[in-house]
Amino acid sequence: MKDSETMLVLFRGTGQEKPSNHSEQAMQDEIKDASGPYAFFGGLIHVLERISGHRSGTDAVLLAACLPEGAKGLVLDLGCGSGVVGLAVVARHPALRALLLDSDPALCALAARNAQDNGLSGRVQTLCADM
């Protein structure tokens, strides 16, 4: 990584890698318990979230807002959930790309769907793994 690039690493979890299938059918099957879309950063991104469990809020917005203007490089979002932080960072900074990782296959599929729905699939990848 070059000195002028930024790497933001967000971490949660321990364990081993799990396989994930991000086909369109898998996404549909995995997000059947989702609601939304919910807008973040004044509508810059819109995401689906799970009906139950953790939901993104102010903490995700504050974390995504912490990067300086002109940030570029890779954002590694470990424990990404529905992908709000990684997607918001990439949407706000055109020179950034992101790897979104979560141990929950349903959340990985949801994050991949949110990236696709926001037109960010070209700069965002998802991986289902338990670190």
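Which residues of β6 lie on the covered face, and which on the uncovered one? In this predicted model, in which local features need pLDDT of at least 70, side-chain atom pairs count only at pLDDT 80 or more, and totals for chains, interfaces and linings use all residues, the covered face of β6 is formed by Val124, Thr126 and Cys128, whereas Gln125 and Leu127 make up the uncovered face. Residues are numbered from 1 along each chain as its sequence is written, and side-chain values use heavy atoms, with hydrogens and water left out.

The protein has 4 helices and 6 strands, where helices (H or I, at least four residues) and strands (E, at least two) are DSSP runs numbered from the N terminus. Along the sequence these elements follow the pattern β-α-β-β-α-β-α-β-α-β. Of the 131 residues, 42% count as buried, buried being defined as under 20% relative accessible area, exposed as over 50%, and partly exposed as in between, with a 1.4 Å probe and protein chains only. Among contacts (heavy atoms within 4.5 Å) between residues at least 6 apart in sequence, 66% join residues at least 24 apart.

Strands β5 and β6 pair in the parallel sense over 5 bridges, pairing being assigned if DSSP finds at least two bridges between two strands. Together with α4, these strands make a right-handed β-α-β unit; the crossover is termed right-handed if, with the strands pointing away from the viewer, the path from the first strand over the helix to the second runs clockwise.

Within this arrangement, Ala98 is placed in strand β5, which spans residues 96-102, and has Val124 as its bridge partner in β6. Ala98 counts as buried because its relative accessibility is 4%, and, residues up to four places away in sequence not being counted, it touches Leu74, Val75, Gly86, Val90, Arg123, Val124 and Gln125. The C-alpha atoms of Ala98 and Thr126 are 8.4 Å apart in space, although the two residues are 28 apart in sequence.

His93, in the loop between α3 (84-92) and β5, is buried at 4% relative accessibility; leaving aside neighbours within four places in sequence, His93 is in contact with Leu67, Pro68, Glu69, Gly70, Ala71 and Arg123. Gly119, by contrast, is found in the loop between α4 (105-117) and β6 (124-128) and is exposed, with a relative accessible area of 64%. The C-alpha atoms of Gly119 and Ile45 are separated by 9.5 Å, the residues being 74 apart along the chain.
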